[in-house]
Amino acid sequence: MAEIILNVEVRDGAGTGAARATRREGKVPGVLYGGGKAPVNIAVKANEFRKSLYTGKLLGHLVTLQHGDEKQSVIAKAVQFHPVTDEPIHFDLYRVDEHQLIKIEVPVHFKNQDISVGLKKGGTLEVIRHTVELACPADQIPEELVIDLANHDLGDVIRISEVKLPAGVKPAMDRDFVIANLKASSAAQSDAGDTTTEG
């Protein structure tokens with residue numbers, strides 16, 4: 001996995017005015033939290049930040065923050081975007097130890113929709129959770145959770161227990177919660193109803 005390094009500088013002042021001034025200088029303002037230390041206002045050059053962000057390996061991943069000669073492991077927890085231009089306008093980083101156990105949201109993706117037994121019958125996939133909160137070491141965060149729909153039929157309920165998690169990774173919630181359902185669509189149900197009334 002390519003390591004992302006964010007070169008940051010400490011910025012003066014907090015609040016909207018200071019953040020606006022930082023953006024005028026072509027930088028994205030952010031805040032570094034956690035690790036039992038006081039929050040620090042930081043900034044990253046906008047073009048560098050965008051490049052890291054668009055690799056898809058920034059948000060929710062362990063990255064290296066560099067300030068001068070100092071390096072530190074951090075996790076990017078949140079990025080705010082401008083509502084019109086969609087440019088990143090603020091970010092939050094959290095200090096972590098590489099092997100520290102953390103809780104983090106990981107996206108859920110589905111595969112084999114085209115050959116799914118239930119979907120071929122006209123069913124629909126109702127996704128309850130698009131992300132799942134996991135507890136895992138900071139250096140072992142899964143990119144995503146992939147659920148195979150190939151053998152799922154109408155009426156199936158897909159729970160977290162079905163997902164094979166990497167070693168050392170477990171759901172943050174201690175119950176077998178639902179991620180998605182394969183529901184019969186109204187068209188599929190009326191077809192089934194028609195066949196029963198014909199006799």
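Let's start at R50, a partly exposed residue with a relative accessible area of 29%. In this predicted model, R50 forms a salt bridge with E87, their closest N and O atoms lying 2.8 Å apart. R50 belongs to helix α2 (residues 46-54) while E87 sits in the loop between β6 and β7, so the pair ties together parts that are 37 residues apart in sequence. E87 is partly exposed too, at 30% relative accessibility.

This is one of 5 salt bridges in the structure. In another, the side chains of K27 and E9 meet at 2.8 Å, N to O. K27 lies in strand β3 and E9 in strand β2 (residues 9-10), so this contact ties together parts 18 residues apart in sequence. K27 is buried, with a relative accessible area of 16%, whereas E9 is partly exposed at 33%. Together with E25, these two residues form a network of salt bridges.

K27 leads us to strand β3 (residues 27-33). Of its 7 residues, 6 are buried, so the strand is largely enclosed by the rest of the structure. What does β3 pair with? It runs antiparallel to strand β4 (residues 40-45), joined by 6 bridges, and P29 stands opposite A43 there. In the hairpin of these two strands, G34 takes a positive phi near 80°. β3 also pairs with strand β7 (residues 88-95), this time in the parallel sense over 4 bridges, with L32 partnering L93.

Finally, a word on confidence: the chain averages a pLDDT of 87, but the value stays under 50 over residues 195-199.

Definitions and conventions: Residues numbered from 1 in each chain as written. Predicted model: local features only at pLDDT ≥ 70, side-chain atom pairs only at ≥ 80, totals over all residues. Heavy atoms only, no water. Buried < 20%, exposed > 50% of the residue type's maximum accessible area, 1.4 Å probe, protein only. Pairing = 2+ DSSP bridges. pLDDT = per-residue confidence, 0-100. Contact = heavy atoms within 4.5 Å. Salt bridge = Lys/Arg side-chain N within 4 Å of Asp/Glu carboxyl O.
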